[in-house]
Amino acid sequence: MYGIVNKAIEELVTEKFGAEVWNAVKVKSGIKVDFFLSNEAYDDEVTYQLANAASSVLGVELKEVLNLFGEWWIMHTCKEKYGAMMNAGGSSLRAFILNLPRFHDRAFLMYPKLAPPEFKTVEVSEQQILLHYYSNREGLQEFVRGLLQGLSQFFNDPVTIEMVESRLNNNHHEIYKISWV
Amino acid sequence: MQKLTFDINQWNRLFPFFILLNERMEIVMLGKSIAKLLTIDEHQPFDSIFSVKRPQSALTSFEDIKSMKDEMFFLDVNTPNKIVNLRGQFEYLADSNQLIFLGSPWLHSIDEIAENKLLMGDFATHDASIDLLHVLQSKAIAESDTRQLIHQLNEERNKFKHFALITEETINGGVITDSKGKIIWVNKSFEKITGYTLNESIGKSPGSFLQGKDSDPETIKYLHDQIRDGKNFECEIVNYHKNGNAYWVKITGHPIFDELGNLIQFFALEEDITERKLAAEKIKASEERWQFALEGAGEGVWEYNFQTEKSFFSPQYEKLLGYNKEEMNLFSSDWKKLVHEEDYHIIEEYDKKYLDGQKTSHKKEYRIRKKDGSYIWVLDRGMLMSKTSDGKPLKIIGTHTDITDLKEVELSLEQSEKQFRSLSENLPGVVYEYVYPKTGNPYFKFISTSVEKIFGVSADQFNVENSLLHPDDRERLRACIEESGRTNCPFYFEGRLIIPGKGIVWHSSSSSFSYRDINGASVFTGIMLDITEKKSAEERLEKQREFYEQVLNKIPSDIAVFDKDHRYLFLNPVAIKNPELRQWMIGKKDEDYCKYRNRPIEIMEGRRALFNSVLEAKKLMVYEETLTDPNGNPEYHLRNMYPVLDANGEVTMVIGYGVNITDRRNIENQMRINEKRYRDLFNYSQALICTHDQNGIMLSVNPAICSSLGYSSEEMVGKSLGDFMHSKDALNLKKDYLDVINRDGKGKGVFRAMSKTGKRLYLLFQNYLVEEKGVAPYIIGFSQDITERVQAENELLIAKQITEDVSKAKEIFLANMSHEIRTPMNGILGIANLLAKTQLGDQQKDYLKLILESANNLLVIVNDVLDIEKIASGRIEFEQIPFLFEDRIRTSIQSFQYKVEEKGLLMVYNSQLDEDLVLIGDPFRLSQIFNNLLNNAIKFTKEGKITVEISVVKKEGDKIEIRFSITDTGIGIDEERLENVFEPFVQASTDTTRKFGGTGLGLSICKNLVEMQGGQISVNSVLHQGTTFDFQLPFAVGTKDMLNKEDLAPEDFSNLGYKHILVAEDVELNQFIARQILETWGMKVTVANNGKEAVDLVSIEHFDLILMDIQMPEMDGIEATQIIRKVENPKISQIPIVALTANALKGDNVRYIAAGMNDYITKPYTEAKLYSVISKYLKPDPNSQAIKLGKTGQTPPDSNPKRLLIEESDEKQLNAGDKLYDLSMVELIGKGNPGFIQKMVSLFLEQVPKDLEKMNEYAGNNEWDQVSKLAHRMKPSIEGMGINSLKEPIREIETRTRQNESLSDAVIQEQVHFVNTVMEKVLVQLNNDFPA
């Protein structure tokens, strides 16, 4: 993962729980990197270790950490650093989600060291979209859910998000059902 | 060449920013995305919006551009917002002769996409321009990262620099080693202290090149261990400079750990402490020298360090306590253990003072334990030798000197002194030494301090010669002192001291010669005592002796005390009056007295003999002497002598005393005479007198009793009173007589006594209980034989009974007459009315009119006769109820209106009273009087007018007196008859009856009714001109609020509409009444026979209201209400519940409301009363109007139900006559419906016999509780049926039996009997009046 991801975790923990907790998370993770460079690629393991350490130090389940991180990623990292890009991604939540596959396709080339996930959308109805998520990374299902929640907040457009299929249930990939009430 | 063509959609997907131009350079079409940036008109010229920015050489004609095939074009687009750059190229489309621009916007940042309202989807998928922007953004982020990183690095570097500077510049040597202890850095001070440079030091372990022969191996090991274990260390050690010189350093070191807790380095500071060390050593050497000097002086030397809390002892010290060095060392840490526990506090105190800085030296004595366990006293002297740098004491040094011998002598002396002091202080006297010097005045040498305790003065005050001594005693004392001084004889003196604030104190002083002092003076040692108490005890004894002597002298008996030889020891003045003679007699014998008085010795012989016999018998002896007084009358004396014995039972003296009993003897004689007189009275009295005990057992009887009853005294005494009484009276002897007299102390009455021959005597008795102290109480009885009187009275009673029976017969006759006449008369009237409706001739009409008038007259006569009978027997009762006065009067007048009009008369009515005036009184009787007078006025007036005037006579507070005046212009009454017009059976003229009809009772009744209500009536008349009747009646003034609320009831009760009412009631009659009323109102009624049924029903059906009887079998109304109120469903629990109760006792309503009921109605009730209560809880139904209209349609147009009812009620009351029942209420409820009344009566006839049977049964078994319940049940029926004579009795039965009042059964039985009697009559009447 690029450093921007780890940096976002650092910002999330520091902002929400304080610098001391972040130090504890870092010590717990055993990661000896003092400064994450956004455009530097780090081993995926670094990110996993940080997430696991945060779960342990904060005493919450990993999936909650990931979920929270997903929201943070949209509402802080993307909003602050790629605000214009977010705006260009679509004028509504629905448009943005439908644009997600292309968004990631572009990222694929731009970050050669990144193995970005791949998305596919199916418009079931005006009230529902199925989002297919393909990734060779394990265990980021809740991160994706958090991202979607973050987007919902970003566009101030409430939706319900349900993971209807998952590799955890021996499916090929994850499918999220996004519904407008 | 193959041609590749795209349709518009494809162009839009591939080049969404394309621009299509025709040969006139007009814009033909725009790609979908560029169209978002601007709007164009048809055939808008290209150059009006676009300008070619590059190539600058470009010409803007179609042909020019057409020719520039491979050129890159930069276009500026003038959008409404801003200028957008486009980058791309032109291509000529030959088929259409058009130019097409293919390119995309050239943006400088991602932000511009949004600024131009573009989205990512507006760019062709292959278009990388947007990715370029993304890259730019990433680059910007990376730059921001770099800036942040540099900032952070700078901050840390500055921090480190700061730290390094401090470390470098500190005066202490600074060393950093790796985790193994190898030096990696040293500071300048380190180089200076050790002489080794940084480079020389790096890689070495400090111990290896700094320590040498004088470095303490223990310390080196400590350092090694701490470093090995990664711990802090602090120590002082000798190190060596590079030049070989030794120096002292204090080393303080800390391990340094990384974030994961791994040891990475040590950091240590080294302080050069050489100078301080040298100074300490110098002090130590000086102390040692000083100690050596002290040791030489033979004293144990010690030293104590406050910091280490350790002590050091010199060899001499060890010797002092008998320990060797090793043993003594054991005490070095806890030397204080050796100190005697009682003295421990001494050293604690001075230690504290040293520590607080209050002391720098000390000198104390205390005990220390030696090795053999004994204690020696030591003198401990010490002083502070050194202090710590912060001024705290560090070391004291001192010596211990053995002072045991000295101490023992000191203690022994102290002990002796203490003993002496204690002795002299605790003696109950003052010890003193008194010195008689060879020359000069004697003086006190010593006075013990107890003088203060005993006499309350100090020794000094005492020493001032004679100053405290009472002036009267001084001379005596002086003589005593002089005597002892001269003779050396022991000295004793008692005298008074005057002690300030205390007054006179007696003291004794005794001393004797003790020794001669060095000056040759005699020293007397003595003791002084406070003898005040002794002195006052002596005084008290003397007073007591005088007191007893006085007592003896005052006793009115002659008292003499003798010794065993019969010599006088004491005589009181009664024995011998002359005091001189009395004094002379002491020690003398009777014989001496006889000689002295020159009396014959024989007089005393009797006394002498008695004295001797007392000596012999050693007990009290009594004898009587008869003397003669100076007048020659006999005097009786009772003499007593008794011995006083000592401990051995021997006589020590004899006390003799005599009493003059002459008076007593005389009284006894008188009493004997009296007693005889009383006995004669008892024996010869004609009254029957006896006494008996509290149980009625005869104690004595006089001869009169014996004579009357024919028994002897012996036959009667010891027997019970009851044995001589009539057997029926004897049965109640205890209850009616003995209990009464024992309780009240007296009793009177009549009982029947039986003579021995069986004759019955009536005895009127009046007996008293006699209670005297010491005698059992008894009763004294006086009786009189009243047999003859009783017989006479009985004859009278029989005569009275006969009279009463006759009167009763009259009453019954009248009642029957009333009934017997009225019944056929009703028939006649009914038939006559029917006849009137048929076709009649004039003569027939006249006859018929005559029949009607006669019949009506006859009815009036009957009613008048009955009223006069009631008045005569005093059975009339008057109501006290509020009523609307004006209403009542007007009604009366109106009822006569037709008669007045029929006769062509004028009716004038004037009233001064308010129309709204409410009075309290009897409205029915008022109407009766008023109607009677009005009727007379009309009857006796042929032409002219009738004037009715009503005025107020007086009004005080709420009392008002009203005058009624009825004047006619009729025939008048002549003067002669006017006087008797109010007499019964009198009429104005003898032919009145003939002419006008009537009984002549009307005016008599009016007069009686007026006067019985406290009013007066009068008449004025002029024959042939007219008559005026005036009557005045007093009333109380009431208020409208007092009027029965029923008056406020609406005319139509059906306005509440259709409601479902549950009637919980066990008595069928009452069920019927409620159902009758409610159903008439258009309501649905369901009946529950008890509380349980009611509870069950409410859960099944909906009810708007429950009428709940209180007393019901199985479950009473209160319990049922409580259950309903607890039901969860509010539709049930909130049903209004109204109690139906025959209880009208105070407080009952509170009980019902407390049980959850909303209201209550007392039975029997009227329709209006029921309405007024339940309408509070039922909302009127607006839809009920139809029903109302339907009903009113059936009612006569001008009928006023209220008015009608009252008038009917009046009628009934007037006609009720001797009926024992009154169906007004039933008629009111049933609205005159004959079916209803018939039903009510038949229910009553059915129920009552059953009730009576039960009541008799319960009463017979004394089951009063049951009687009470039954009476409660019967009460509403009795009231509803108007059986007025039973209203009170039935209430009384109910409440008395319920409250369990202490009524004798007989009273209740009597009431029950009365109810039976009346009810039977009522049943007969009803059966007659309402034949089935």
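User: Which residue stands opposite B:Ile368 in β15(B)?

Analyst: B:Ile368 has B:Ile376 standing opposite in β15(B). This is a predicted model, in which local features need pLDDT of at least 70 and side-chain atom pairs count only at pLDDT 80 or more, while totals for chains, interfaces and linings use all residues. Residues are numbered from 1 along each chain as its sequence is written, and chains are lettered from A and ligands numbered from 1 in the order in which they are written.

User: How many bridges join β14(B) to β15(B)?

Analyst: There are 9 bridges between β14(B) and strand β15 (residues 375-387) of chain B, and the two run antiparallel. Two strands pair if DSSP finds at least two bridges between them, and the element names follow DSSP runs numbered from the N terminus, with helices (H or I) of at least four residues and strands (E) of at least two.

User: What order do the strands of that sheet take?

Analyst: The order is β13-β12-β16-β15-β14 in chain B, an open sheet of 5 strands with antiparallel pairing. β13 (310-313) and β14 (361-369) of chain B each have a single partner strand, so they stand at the edges, with one side of each left without a neighbour in the sheet. From one strand to the next, the twist averages 25 degrees.

User: And which helix lies across β14, β15 and β16 of chain B?

Analyst: That is helix α12 (residues 344-355) of chain B, which runs at about 150 degrees to β14(B), with β16 covering 393-402. Axes here are lines fitted to C-alpha atoms, for helices over the stretch in contact, and angles run from 0 to 180 degrees between N-to-C directions.

User: What is the phi of A:Asn170 and of B:Asn97?

Analyst: A:Asn170 has a positive phi of about 65 degrees although it is not a glycine, and its place is the loop between β3 (159-165) and β4 (174-180) of chain A. For B:Asn97, phi is near 55 degrees, again a positive value in a residue other than glycine, and this residue sits in the loop between β5 (83-93) and β6 (98-105) of chain B.

User: Are those two asparagines buried or exposed?

Analyst: A:Asn170 counts as exposed because it has 7 C-beta neighbours inside 10 Å, and B:Asn97 counts as exposed with 11. A residue is buried if 20 or more other C-beta atoms lie within 10 Å of its own, exposed if 12 or fewer, and partly exposed in between, with C-beta atoms placed from the backbone.

User: Where is the cis peptide bond?

Analyst: The cis peptide bond joins B:Arg54 and B:Pro55, with omega about 0 degrees. B:Pro55 lies in the loop between β3 (50-54) and α2 (62-67) of chain B.

User: On to chain A: where does α4 bend?

Analyst: Helix α4 (residues 62-81) of chain A bends by about 40 degrees at A:Trp73, the bend being the angle between axes fitted to the seven residues ending at a residue and the seven starting there. A:Trp73 is itself among the buried residues of α4(A), which also include A:Trp72, A:Phe69 and A:Glu71. These buried residues pack against α1 (3-17), α3 (44-58), α5 and α7 (141-154) of chain A.

User: How many helices and strands does chain A have?

Analyst: Chain A has 7 helices and 4 strands, running α-α-α-α-α-α-β-β-α-β-β from the N terminus on. Of its 181 residues, 37% count as buried.

User: What does chain A put against chain B?

Analyst: 20 residues of chain A are in contact with 21 residues of chain B, contact meaning that C-beta atoms, placed from the backbone, lie within 7 Å. α5 (83-89) and α6 (93-110) of chain A each supply at least two residues of that side of chain A, and α6(A) gives the largest share, 6 residues.

User: What are the model's ipTM and pTM, and where in chain B is pLDDT under 50?

Analyst: The model scores ipTM 0.85 and pTM 0.35. pLDDT, the predictor's confidence in each residue from 0 to 100, has a mean of 83 over chain B, where 90% of residues reach 70 or more. It stays under 50 over residues 1184-1217 of chain B, for which the model has 33 contacts beyond four places in sequence. Among the elements of chain B, helix α40 (residues 1201-1216) has the lowest mean pLDDT (30) and strand β36 (residues 959-968) the highest (94).

Note on methods
Two residues are in contact if their C-beta atoms, placed from the backbone, lie within 7 Å.
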